[in-house]
Amino acid sequence: MRLLVCTTEYFPHGAGMANVVYNVVQQLKGRGVECTVCSPKGPDVRLGSWPLIERAGVVGLLNYWYQVSRHFKNNDYDAAWLQNPFIFTKNPFKRCLVTMHSTYSGSSELGVGSLPFHLYESVVARIERSCLTRMPSTTLFTGVGRPVREELERIGVARDRISYIPNGVDIGRFHPSPDRTGIRKRFGLPEDGVILLSVGRLIPAKQPLTMLEIFSHLEKQRKGVTLCIAGGGELLEAAMNLVRRMGLENVLFLGNVDHGRDLPDLYACADYYMMVSKYEGGMPPLTLAEAMASGLPCIVSDIANLRVVKEADCGVVVAPDDPATAAAAILGYLNEEHPDHAMNARRYAEKVLNWESISERYVNMFECLTTG
């Protein structure tokens with residue numbers, strides 16, 4: 001099978017989408033599928049402009065997908081795999097699978113972010129709806145979370161054309177480690193005490209400021225707890241300023257951590273993973289999957305895509321809107337012993353979230369496209 005993969009992000013450039021596509025492509029290649037990857041940074045075909053996407057958002061996305069539709073106008077691929085496409089001209093792909101990692105419609109419905117940002121998302125959501133509902137009738141869709149599948153339905157995509165395929169994790173790279181002390185020394189982290197780890201972009205949907213407010217209550221009530229935050233983003237400066245204003249002493253900002261070299265060890269030396277997002281597209285989000293594979297009990301907000309923690313019985317779910325109440329629930333959880341939660345997290349990742357099993361589901365989708 002000759003498969004064209006079109007994505008605006010591809011590892012090592014980008015975030016969640018980049019990692020999902022890369023890992024699935026590697027598995028597909030191992031199965032004999034000939035994959036050609038097209039993104040603003042390659043590796044096989046370069047179209048669009050990554051700086052334009054970073055600066056101008058939807059304008060850069062529309063530019064990339066316009067170039068894709070023109071460049072592959074007379075393509076002879078067996079199928080195309082498109083990630084969050086914004087094709088507003090004629091779609092040249094008669095056999096294509098669209099994978100949505102999140103939707104602007106979903107985040108717009110929740111009103112994530114400030115008013116200008118929310119208004120921007122509302123406009124982009126209308127463009128997104130127009131692009132997706134104009135796809136050829138033979139197009140199949142997948143969502144990396146069940147809520148994304150529901151959002152696609154509300155946008156106007158027929159339910160029988162939408163499947164749910166979860167995010168995955170490399171269980172060989174992300175795993176527990178017996179050398180926590182040595183790893184902590186290398187990162188300059190406290191060798192004793194409890195480390196809560198948060199990994200990901202500091203953006204409104206992930207509510208990093210709310211997480212800090214929750215931690216401020218924890219720090220007052222329990223000694224020896226450190227919150228480590230890995231990642232950058234538009235709210236990084238605001239988060240650092242909030243830490244100073246509240247006088248928090250046990251918060252460490254690690255910046256962007258190398259995903260290939262350092263991130264597996266960072267998970268392995270922590271005690272718990274913390275995520276209080278208001279919206280996530282993936283189920284589970286990639287960082288949560290990585291934390292579970294690393295054997296970390298998880299502290300997460302009560303939203304649909306994070307309730308996998310309940311399903312796996314590997315942590316606690318809290319309502320972050322009331323920081324004091326959320327902190328009390330977390331404190332109660334920390335004061336109890338849950339040795340089974342670490343094992344449950346790892347076991348769930350091995351059984352459900354390994355890339356080999358997930359790539360098999362994508363292969364089935366491509367076979368449906370090419371033989372249906």
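**Before the views.** Buried means under 20% relative accessible area, exposed means over 50%, and partly exposed is what falls in between (1.4 Å probe, protein chains only). What you're looking at is a predicted model, where local features need pLDDT of at least 70, side-chain atom pairs count only at pLDDT 80 or more, and totals for chains, interfaces and linings use all residues. Residues are numbered from 1 along each chain as its sequence is written, and side-chain values use heavy atoms, with hydrogens and water left out.

**View 1. Arg 307 and Asp 302 pair up in a salt bridge.** A salt bridge here is a side-chain nitrogen of Lys or Arg within 4 Å of a carboxyl oxygen of Asp or Glu. For this pair, the N to O distance is 3.0 Å. Arg 307 is partly exposed, with a relative accessible area of 39%, and Asp 302 is partly exposed with 39% as well. By the salt-bridge rule, the count comes to 13.

**View 2. Glu 34 reaches Arg 2 through a salt bridge.** Their closest N and O atoms sit 3.7 Å apart. This pair links distant parts of the chain: Glu 34 belongs to strand E2 (residues 34-39) and Arg 2 to strand E1, 32 residues apart. Strands (E, at least two residues) and helices (H or I, at least four) are DSSP runs, numbered from the N terminus. How accessible is Glu 34? At 45% relative accessibility, Glu 34 counts as partly exposed, and Arg 2 is partly exposed too, at 28%.

**View 3. Asp 262 and Arg 186 form a salt bridge.** The N to O distance is 3.4 Å. Here again distant parts of the chain are linked, 76 residues apart: Asp 262 lies in the loop between strand E10 (251-255) and helix H10 (263-268), while Arg 186 is in helix H7 (residues 180-187). Asp 262 is buried, at 13% relative accessibility, whereas Arg 186 is partly exposed at 47%. Zoom out a bit: salt bridges that share partners join Arg 186, Asp 258, Arg 261, Asp 262 and Asp 265 into one network.

**View 4. Glu 9 is buried yet has no salt bridge.** Look for Glu 9 in the loop between strand E1 (2-6) and helix H1 (16-30). Which side chain of opposite charge is nearest to Glu 9? That's Arg 201, 6.0 Å away. For charges, Lys and Arg count as positive and Asp and Glu as negative, while His and the chain ends are not counted. Leaving out residues up to four places away in sequence, Glu 9 touches several residues, including Gly 14, Met 17 and Trp 50; contact means heavy atoms within 4.5 Å.
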